[in-house]
Amino acid sequence: MVCLGNICRSPMAEGVLRERAARAGHNLHIDSAGTSDYHIGEGPDRRAVHCMKSYGIDISGLRARQFVSSDFDAFDTIFVMDQQNYRDVLSLARHDDDARKVSLFLNQAYPGENRSVPDPWFGGPEGFHDVYAMLDRASRAFLESTEI
Ligand code: 4NP
């Protein structure tokens, strides 16, 4: 799961998918990262932690890190939150096999629509709940479609 800062959208996505995968009995290795170095080592935004807690998911222990090219080796799939993340991650792809792993997470729920998860950083708490609903929908769609 990749966003810009790795303190709002992608740690929430990591938490939602991990919870849903565990409930469905899937053993997946799920992680998140940011394209920027702005918040390396920091925990998630407190609004994101609070929002997730209201759905019973604790993401307070996550720490931000920056996406690196070796993540293409470590993961089969790289889900990005928005179009800028998509461009930034693709710019680190070393070959076509890397590039093929990258897709917008909301395309899981809305195939071909190329929707972005809006950045809730500048808004109020309701933006985080909107983000949660989108991530939950995409996580369910991914787990329903995937053969694992
Ligand atoms: P995120 O949100 O990409 O969902 O983690 C942001 C967090 C911080 C900043 C931008 C987006 N920032 O500019 O510091």
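By class, six nonpolar, three polar and two charged residues make up the shell around the ligand. The model is predicted.

**Ligand surroundings**

- The ligand is surrounded by Cys3, Leu4, Gly5, Asn6, Ile7, Cys8, Arg9, Tyr38, His39, Asp119 and Trp121.
- A polar backbone atom of Leu4 is 3.0 Å from an oxygen atom of the ligand.
- For Ile7, a polar backbone atom is 3.1 Å from a ligand oxygen atom.
- For Cys8, the distance from a polar backbone atom to a ligand oxygen atom is 2.9 Å.

- Most residues other than glycine have a negative phi.
- Asn6 has a phi near 60°, a positive value.
- Asn6 sits in the loop between β1 (2–3) and α1 (9–23).
- Asn6 is also one of the residues surrounding the ligand.
- Asn6 counts as buried because its relative accessible area is 2%, under the 20% cut-off.
- Asn114 also has a positive phi, near 50°.
- Its loop runs between β4 (102–104) and α6 (125–145).
- Asn114 is partly exposed, with a relative accessible area of 42%.

**Nonpolar cores**

- In soluble globular proteins, nonpolar side chains tend to be buried together.
- The largest nonpolar core here has 30 residues.
- Within this core, Met12, Met81 and Leu135 touch the most other members.
- Helices α1, α2 (46–54) and α6 each supply at least two of the core residues.
- The largest share comes from α6, with seven residues.
- Apart from this core lies another, of ten residues, among them Ala33, Phe67, Val80 and Val102.

**Met81 contacts**

- Neighbours within four places in sequence are left aside here.
- Met81 is in contact with Met1, Val2 and Cys3, among others.
- Its contacts also include Arg9, Ala13, Leu104, Phe105 and Leu135.
- Arg115, Ser116 and Val117 are likewise in contact with Met81.
- Cys3 and Arg9, both among these contacts, are also among the residues surrounding the ligand.

**Leu104**

- Leu104 lies in strand β4.
- Leu104 is buried because its relative accessible area is 4%, under the 20% cut-off.
- Not counting residues up to four places away in sequence, Leu104 touches Val80, Met81, Asp82, Gln83, Asn114 and Arg115.
- Among these is Asn114, which has the positive phi near 50°.
- Leu104 and Asp58 are 46 residues apart along the chain, and their C-alpha atoms are separated by 24 Å.

- Asp82 is placed in the loop between β3 (78–80) and α4 (83–90).
- Asp82 counts as buried because its relative accessibility is 16%, under the 20% cut-off.
- The side chains of Asp82 and Arg9 make a polar contact at 2.9 Å.
- Leaving aside neighbours within four places in sequence, Asp82 is in contact with Arg9, Leu104, Ser116 and Val117.
- Arg9 is in turn one of the residues surrounding the ligand.
- Met81 is in contact with Arg9, Leu104, Ser116 and Val117 as well.

How values were computed: Residues are numbered from 1 along each chain as its sequence is written. This is a predicted model: local features need pLDDT of at least 70, side-chain atom pairs count only at pLDDT 80 or more; totals for chains, interfaces and linings use all residues. Side-chain values use heavy atoms; hydrogens and water are left out. A residue is near a molecule or strand if one of its heavy atoms lies within 4 Å of it. A polar contact is a pair of N or O atoms within 3.5 Å; within protein, one must be able to donate a hydrogen and the other to accept it, and residues adjacent in sequence count only if both atoms are side-chain atoms. Ala, Val, Leu, Ile, Met, Phe, Trp, Tyr, Cys and Pro count as nonpolar, Asp, Glu, Lys and Arg as charged, and the others, Gly among them, as polar. Helices (H or I, at least four residues) and strands (E, at least two) are DSSP runs, numbered from the N terminus. Buried means under 20% relative accessible area, exposed over 50%, partly exposed in between (1.4 Å probe, protein chains only). A nonpolar core is a set of buried Ala, Val, Leu, Ile, Met, Phe, Trp, Tyr and Cys residues joined through side-chain atoms within 4.5 Å. Contact means heavy atoms within 4.5 Å.
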